[in-house]
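Here's a quick briefing to go with the sequence and model below. Have a look at the fold first, then work through the notes.

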Amino acid sequence: MGTCGCGYTTDANKNCNGTHRVVQAVKADIVKDLEANGFAEASAHVKGEKTEK
């Protein structure tokens, strides 16, 4: 693999080691839980969507 572009790597040389897959899975679980509990705005924030205030 090459140099990490997302910044989530745990490799000492900053090479991509697939850590982004774990991050994506954790974020998806958080989004699911937030949406299920009525926190749509927080869910949008975790997904990186812009919210209007």
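**Around the first helix**

H1 is followed by Gly 38, which has a positive phi, near 80°. Keep in mind that this is a predicted model.

*Helix H1*
- H1 covers residues 19-36, 18 residues in total.
- From first C-alpha to last, H1 reaches 26 Å, close to the 26 Å expected at 1.5 Å a residue.

*The buried side*
- Thr 19, Val 31 and Leu 34 are the buried residues of H1.
- Looking down the axis of H1, you'd see these buried residues fall within an arc of 105°, so they line one face of the helix.
- In general, an α-helix has 3.6 residues a turn, so residues three or four places apart point the same way.
- Helix H2 (40-47) is included in what covers the buried residues of H1.

*The exposed side*
- On the face of H1 turned away from its buried side, you'll find the exposed residues Arg 21, Val 22, Lys 32 and Ala 36.
- Ala 36, which lies in H1, counts as exposed because its relative accessibility is 66%, against a cut-off of over 50%.
- Ala 36 and Val 46 sit 10 residues apart in sequence, and their C-alpha atoms are 14 Å apart in space.

*Before the helix*
- Lys 14 sits in the segment before H1.
- Lys 14 isn't a glycine, yet its phi is positive, about 60°.
- Most residues other than glycine have a negative phi.
- With 54% relative accessibility, Lys 14 counts as exposed.

Key. Residues are numbered from 1 along each chain as its sequence is written. This is a predicted model: local features need pLDDT of at least 70, side-chain atom pairs count only at pLDDT 80 or more; totals for chains, interfaces and linings use all residues. Side-chain values use heavy atoms; hydrogens and water are left out. Helices (H or I, at least four residues) and strands (E, at least two) are DSSP runs, numbered from the N terminus. The expected span of a helix is 1.5 Å times one less than its number of residues. Buried means under 20% relative accessible area, exposed over 50%, partly exposed in between (1.4 Å probe, protein chains only). The arc is that of the directions from the helix axis to the C-beta atoms. Contact means heavy atoms within 4.5 Å.
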